[in-house]
Amino acid sequence: TAAFVAFRLPTAVDQKRSSLPRGGHRIAILLVYTAPNNDYTAIAPYFGVFCAGAPSHLVDFLIFHTGILDGWPLLQTECPSNVKFINLQTLQALAERLVRVVEHPKMKTSELVSLVQSYIQAYPYALVEFKPALGYIFADYLQEYSHWGYTDIDILFGDLDRWITPDELDYFDIVTYSFGDQQRLYLRGQFTFHKNTAVINEIWKVCDYLSKLDERFDRIINKKGGYHV
């Protein structure tokens, strides 16, 4: 059974303990980014602030995009080397990745890709639905990492190397950060990371909302349901 834990921000004692050797651990935090019409002028104005808080020896931020960030004039000047931009070239290529959550689709894969592509184009925010499965969807980019996770670009992290502690890396399968309401145990979209193992990376499959994505779109097509992000 996967361990689930919500952590408070570290105290001074935690910060001292976090300076212990990390045992070869490295975390990849995955973000998927696009914007309407792939227009780089629509890039969030706080993207540069996110980059300012991203430097880390422990964490790489892997930002998968559809070409939009190649036109961002601050790409080279604002972002440290551990923020890695991966251009998937097109929204279709991103959709082809996302439909990997459905192992045995009941419709043609090309049709499902087209539906997901239209869905994301109309509702870019819907990309958040795929967060729990990103380690599975982008597994080929994670071979050198002991952990993977997800976040949002409106988060200013600061010194991650100080407040991610060795016990979080060694003893827990999934770590998620709470805001004082730990009794409400669920994974936080703002920052959650997992051990990079086959078992942990497929926990999301029990969620029909992802693993039966094709059935959800079939209901929408047949007017038996609507888009709900």
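1. Basis. Residues are numbered from 1 along each chain as its sequence is written, and side-chain values use heavy atoms, with hydrogens and water left out. In this predicted model, local features need pLDDT of at least 70 and side-chain atom pairs count only at pLDDT 80 or more, while totals for chains, interfaces and linings use all residues.

2. Strand S3. This strand spans residues 59-65. Strands are DSSP runs of E, at least two residues, and helices are runs of H or I, at least four residues, numbered from the N terminus. S3 is mostly covered: 7 of its 7 residues are buried (under 20% relative accessible area, 1.4 Å probe, protein chains only).

3. Its two faces. In a regular strand, side chains alternate between the two faces of the sheet. One side of S3 carries Val 59, Phe 61, Ile 63 and His 65; the other carries Asp 60, Leu 62 and Phe 64. Both sides are covered.

4. Its partners. Strands pair if DSSP finds at least two bridges between them. S2 (residues 27-33) runs parallel to S3, joined by 7 bridges. Here Ala 28 stands opposite Asp 60. S4 (residues 83-87) also runs parallel to S3, with 5 bridges. There Phe 64 faces Ile 86.

5. Lys 131. Look in the loop between helix H5 (109-122) and helix H6 (134-137). Lys 131 is buried, at 11% relative accessible area. Leaving aside neighbours within four places in sequence, Lys 131 is in contact (heavy atoms within 4.5 Å) with Trp 148, Tyr 150, Thr 151, Asp 152 and Gly 189.

Notes:
Buried < 20%, exposed > 50% of the residue type's maximum accessible area, 1.4 Å probe, protein only.
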